[in-house]
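My notes follow in the order in which I looked.

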Amino acid sequence: MDKTKRNAVIAGNWKMNKTPCETTALINEMKPLVAGADCKVVLCVPFIDIPAAVEAAKGSNIEIGAENVHFKASGAYTGEISAQMLVESGVKYVVIGHSERRQYFGETDQTVNLRTLAAIQAGLTAIVCVGETLEQRELGYTETLLKFQTKMALTNVKAEDLNKIIIAYEPVWAIGTGVTASAQQADEGNGFVREAIAEVYGKDVADTVTIQYGGSMNAGNADELVAKINVDGGLIGGASLKAEDFSVIVKAASK
Ligand code: PGA
């Protein structure tokens, strides 16, 4: 398999952190540190921070993403944000189906699929999260679950639209816990996702899809993780809130 067929993408997921003023300051700090990176650099920020983030990132190699999107184009959905609203605001990427949304906000495989379709139809790149809990891993369901979640998320996505899809393999037990999957576990999980894509779209297509690892990736372990054949960058939570740490991860993916 030729890894050079794929873009490595390092995406920060700020979750519910940083005010608009703090957003401007952090992006200004990051810009010189990630300039010239040989991978894509994305920051997914809270909705309210998007204007400040887009403004601060202007003229740099940092692209801005959102952390969720609604699947309807418009209507009586109080508190929701549509894909077109994001596009008009300068957003290029959107995280969909993060395990925190699945766990705390009723996200299901069906709604993940609907959001994914809405995002790519609007021209956004969807960063779709999949991952097993510790209990599911211990029961031996990791492969089955990752393949199921991947196929469900991609239902009705056409092969020619897969260049607008990134899958992030994020083992739930590794998110925000400081427990990282070993490089081998990350590679294996990402490999299951790639196999699932191959089962639907064929191997040649699957080999072109960017599959990230996420879950306590940091400045100390990024090198080893992104070197793996199936790992095309990362989705970074905690370490994306620190300019220096985030830039070390970007550099690891640029090698
Ligand atoms: P973490 O979060 O890097 O803080 O573990 C990753 C994520 O939730 O995307």
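Ligand shell. I began with the classes of the residues around the ligand: four are nonpolar, seven are polar and two are charged. I note here that this is a predicted model.

I then asked which of the 13 residues around the ligand come nearest. They are K15, H98, E170, G176 and S216.

I looked up the backbone atoms next. For G176, a backbone N or O atom lies 2.7 Å from an oxygen atom of the ligand. For S216, I also found a backbone N or O atom 2.7 Å from a ligand oxygen. At G237, a polar backbone atom is 2.9 Å from an oxygen atom of the ligand.

How much of the ligand does the protein cover? On its own, the ligand has 280 Å² of accessible area, and the protein covers 94% of that.

Strands. I turned to the sheet and traced its order. Eight strands form a closed barrel, running β1-β2-β3-β4-β5-β6-β7-β8, and the pairing is parallel. Neighbouring strands of this sheet are turned by 25° against each other on average, with direction ignored.

I picked one pair to look at in detail. Strand β5 covers residues 125-130 and strand β6 covers residues 165-169; the two run parallel and are joined by five bridges. I looked up V130 as an example, and its bridge partner in β6 is Y169.

Helix on the sheet. Which strands does helix α11 touch? Helix α11, residues 243-253, packs on the sheet and touches β1 (9-13), β2 (40-44) and β8 (233-236). The direction of α11 makes about 160° with that of β1.

Technical notes: Residues numbered from 1 in each chain as written. Predicted model: local features only at pLDDT ≥ 70, side-chain atom pairs only at ≥ 80, totals over all residues. Heavy atoms only, no water. Near = heavy atom within 4 Å. Polar contact = N/O pair within 3.5 Å; in protein donor to acceptor, adjacent residues only side chain to side chain. Areas by Shrake-Rupley, 256 points an atom, 1.4 Å probe, with all protein chains shown as cover. Nonpolar A, V, L, I, M, F, W, Y, C, P; charged D, E, K, R; others polar. Pairing = 2+ DSSP bridges. Helix = DSSP H or I, 4+ residues; strand = E, 2+ residues; numbered from the N terminus. Axes fitted to C-alpha atoms, helices over the stretch in contact; angles between N-to-C directions. Contact = heavy atoms within 4.5 Å.
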